[in-house]
Amino acid sequence: MQPISKSENSESVDLGALLGRESVEDIVISPRGLSYYESFSWHGPFASSDCEPKQIWYLANKIAEEARLQLGVTQPSVDSFLCVSPQVCLRAHVVVAPLVFEGPEITLRRLPSLDRFRLEDFDMDPTMRERLEQSVRRGDSILVSGSTGSGKTSFLTALMKNISPSERVLVLEDSPELPLPSPLCTKLVCQNNRFGFREGATWTLEDLVFESLRMRPDRIVVGECRSREALAIRQALQTGHRGTWTTIHGASPREALMRFDALCSLAAETPRERVWDLVIQLGRNHEGRRAIVALDFREEETL
């Protein structure tokens with residue numbers, strides 16, 4: 001398929017202009033045109049000079065260079081970051097042949113900042129918001145559940161604004177997206193070696209959970225739980241590290257808890273008790289806005 005021409009779509013979109021609009025969350029650059037996610041829906045693809053093959057390859061190689069990698073048959077995918085200004089930092093994902101047929105495709109996601117999201121943005125009443133703030137102050141362990149694009153990372157960012165600046169938070173991520181809530185806090189990032197060309201040892205989220213326990217955390221925040229790190233998180237909670245937060249893919253609080261237990265069983269341990277004080281389910285309301293659609297507190301809480 002050829003790139004979209006201006007005759008097929010009268011609007012031509014400039015990548016630089018999109019990066020300057022805070023409401024734009026995701027941008028996809030491909031030979032089919034430039035698409036972006038804003039106001040609860042996708043727009044495009046639109047004709048753009050940024051979608052010319054030479055331009056896509058130039059940006060793709062620049063992203064790869066930032067990750068100290070070289071795109072090719074043995075390295076057809078790259079995850080990295082771009083900071084186009086002090087205010088605009090992006091997570092960048094690149095795929096090239098043989099993973100894609102038409103040509104390089106680049107997906108950019110704007111990284112959240114503490115000032116960008118608030119709890120009020122998630123369509124909840126004042127009573128619910130107060131309960132959440134109390135839960136943070138109590139040091140509850142919180143599991144945030146939802147589908148892809150439901151706003152789990154954005155919600156976690158908003159929730160972190162309620163952490164006391166005197167608390168030391170260890171943020172653990174596969175790819176660094178969450179902002180640090182105060183100068184006391186530290187971020188640890190996985191070191192992956194998927195294609196065997198990176199220098200240094202591999203460090204998984206499971207490794208980082210155990211590493212963080214030696215760094216005197218008041219809270220541990222894991223960006224996303226999707227593998228063997230679940231058991232490490234459970235063990236941390238069972239040994240007194242309350243206030244741990246993470247996100248997980250799930251369609252309901254019950255399914256989120258079931259999936260967390262299933263991930264724990266990957267490490268040959270059968271879960272025996274619930275370790276989460278609160279499960280928050282994110283979704284969309286009837287207007288398409290991100291919203292909290294369910295809360296599940298532990299039974300022992302006095303509601």
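Student: How much accessible surface does the chain have, and what share belongs to carbon and sulfur atoms?
Tutor: The accessible surface is about 15500 Å², with 50% of that belonging to carbon and sulfur atoms, as given by the Shrake-Rupley method with a 1.4 Å probe. This is a predicted model, in which local features need pLDDT of at least 70, side-chain atom pairs count only at pLDDT 80 or more, and totals for chains, interfaces and linings use all residues. Residues are numbered from 1 along each chain as its sequence is written, and side-chain values use heavy atoms, with hydrogens and water left out.

Student: And what share of the residues is buried?
Tutor: Of the 303 residues, 47% count as buried, meaning under 20% relative accessible area, whereas exposed is over 50% and partly exposed lies in between (1.4 Å probe, protein chains only).

Student: Switching to α3, which of its residues are buried?
Tutor: In α3, which covers residues 126-138 (helices are DSSP runs of H or I, at least four residues, numbered from the N terminus), the buried residues are Met128, Leu132, Glu133, Ser135 and Val136. Seen down the axis of α3 they fall within an arc of 155°, taken from the directions from the axis to the C-beta atoms, so they line one face of the helix.

Student: What sits on the face turned away from them?
Tutor: That face carries the exposed residues Pro126, Thr127 and Arg137.

Student: What about the two ends of α3?
Tutor: At the start, a side-chain oxygen of Asp125 reaches to within 3.1 Å of the backbone nitrogen of Thr127, while after the helix comes Gly139, with a positive phi near 80°.

Terms used:
Expected span 1.5 Å × (residues − 1). Polar contact = N/O pair within 3.5 Å; in protein donor to acceptor, adjacent residues only side chain to side chain.
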